[in-house]
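Have the sequence and the 3D view open as you read.

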Amino acid sequence: MDGVMNSLEAVIASIQGLSGSAGDLTALHDLLRGAENSLRAVPDVNFSTLTQLDASTHSLGYLYFLEILTSGPVSDEKAFAEIPIIARFINSCDAEQIRLASDKFVSLCKRLKDHVVKIKDPLRGVAPLLTAVQKLQASPKCLTALHPDVLQLCLQTKLYKTGFSIISDDILEVDQPKDFFLYCYYGGMICIGLKRFQKAIELLYNVVTAPMNPASAIAVEAYKKYILVSLIHNGHCANSLPKCASTIAQRTFKNYSGPYIELVSCYNDGKIGQLEALVVAKSADFEKDKNLGLVKQAVSSLYKRNILRLTQKYLTLSLQDIANMVQLANAKEAEMHVLQMIQDGQIHALINQKDGMVRFLEDPEQYKTSEMIETMDSVIQRTVRLSKNLLAMDESLSCDPLYLGKVGRERQRYDFGDDFDTVPQRFSM
């Protein structure tokens, strides 16, 4: 880079003159990459420099300057000052331009996330990062490096519905496995917050069964929640992992999830007294993992599972009989559980308040209503789309010599190593 192009004025002029077409932008990007180190050393570069550029028209150049200006150590005062500047740029910038330097855009957006966490105001980062994800994505099927950050902020602010809005699309394109693990882990927690347990199971299952070397702490935490949500939603959880899970995963989970594996065994035996005793004995472990609330829901679900079994054997039972058979304290507790199960659609029954009798009914759903047909059609369409996409990906990979060579070299290495990555942050539910 010669002395002329090292001057701040020349770079500004180049940005102003080369932001109009794709060809010019490619040349500008090369110029900015070459001048970046020099620009970091120029003392005259400050936030007033940005007034010479338009964030929407000169997005690529603006991004380079803004990334330089916001780097380095951050005080609370600096964070407060920079948050609105970065947020305005995210809202104004041109998506095509920032994708040319996507690594810098991601870095800038992660800096915004760090700023709002530092000043303990994560809500300020949610809307800008949602916009950033949309601008960074080439299509809704693409996972970006910002997905986990948005979900993390949504968890901190309990904006579960907002977080769910970006996990409702099926992700089929992933660059970095760790981004996908965090996306599924945080996404699973978002679904738990919304009590969308089936979706939570799907997301957590992706982490639990993924090839890993070395084992990841993210996967261990996901496995613990996968167990609890499976018990709550399905009323059971297998004592062993699916065969598709790696050997190292099975060994690691066994070593680091002991109380949860004991919980599964006790739950599957159906003995409520032993289960409650185990929860008391291991409560410190569950609380340390921020999972005690889910554990209590799992215990409650065992009562419901046992009541559900009674519906398969009896047409009528008294509330007191139900309380005795499932080890509830009294008829009133039995009534509360039965009413909740009726409300949740888990059973169909009528309670006669006069004599305390419960009459169990057949499922009234005839699968004829337009709403039910639409729901079934939606599920079928999603399955067809996923099947087509997966077939296309499989065909593409089966013909890719680079992929086939890589798989051949690395297949033997999947099941070794005992080190852990760390989970960026845990959240209580």
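This is a predicted model: local features need pLDDT of at least 70, side-chain atom pairs count only at pLDDT 80 or more; totals for chains, interfaces and linings use all residues.

Residues are numbered from 1 along each chain as its sequence is written, and side-chain values use heavy atoms, with hydrogens and water left out.

Helices here are DSSP runs (H or I, at least four residues), numbered from the N terminus. Helix α9 (residues 147-157) is largely enclosed by the rest of the structure, because 9 of its 11 residues are buried. Buried means under 20% relative accessible area, exposed means over 50%, and partly exposed is in between (1.4 Å probe, protein chains only). Among the buried residues of α9 are H147, D149, L151 and C154. What do the buried residues of α9 pack against? They pack against α7 (102-118), α8 (123-136), α10 (160-164) and α11.

Leaving aside neighbours within four places in sequence, F181 touches V207, A210, P211 and I218; contact means heavy atoms within 4.5 Å. The C-alpha atoms of F181 and A219 are 7.6 Å apart, although 38 residues separate the two along the chain.

Now for the rings. Rings of Phe, Tyr and Trp (its six-membered ring) pair if their centres lie within 6.5 Å; planes under 30 degrees apart count as stacked, over 60 as edge-to-face and the rest as tilted. By this rule there are 6 aromatic pairs. One of them is the tilted pair Y205 and Y226, with 6.2 Å centre to centre and 50 degrees between the planes. This pair links distant parts of the chain, with Y205 in helix α12 (residues 197-208) and Y226 in helix α13 (residues 217-234), 21 residues apart. Y205 is partly exposed at 28% relative accessible area, whereas Y226 is buried at 14%.

Another pair, Y260 and F286, is edge-to-face, at 5.0 Å centre to centre and 75 degrees between the planes. Y260 lies in helix α15 (residues 258-269) and F286 in helix α17 (residues 283-288), so the pair ties together parts 26 residues apart in sequence. Y260 is buried at 1% relative accessible area, and F286 is buried at 0%.

Some rings have a charge sitting over them, meaning that NZ of Lys or CZ of Arg is within 6 Å of the ring centre and within 35 degrees of the ring normal.

| Charged residue | Ring | Distance from ring centre |
|---|---|---|
| K104 | Y64 | 5.2 Å |
| R196 | F164 | 4.2 Å |

Next, some backbone angles. Most residues other than glycine have a negative phi. K120, not a glycine, has a positive phi of about 60 degrees. K120 sits in the loop between α7 and α8 and is exposed, with 73% relative accessible area. K290 also isn't a glycine and has a positive phi of about 60 degrees; K290 is in the loop between α17 and α18 (292-311). K290 is partly exposed, at 44% relative accessible area. Just after α9, K158 takes a positive phi of about 60 degrees.

Methods. Helices (H or I, at least four residues) and strands (E, at least two) are DSSP runs, numbered from the N terminus.
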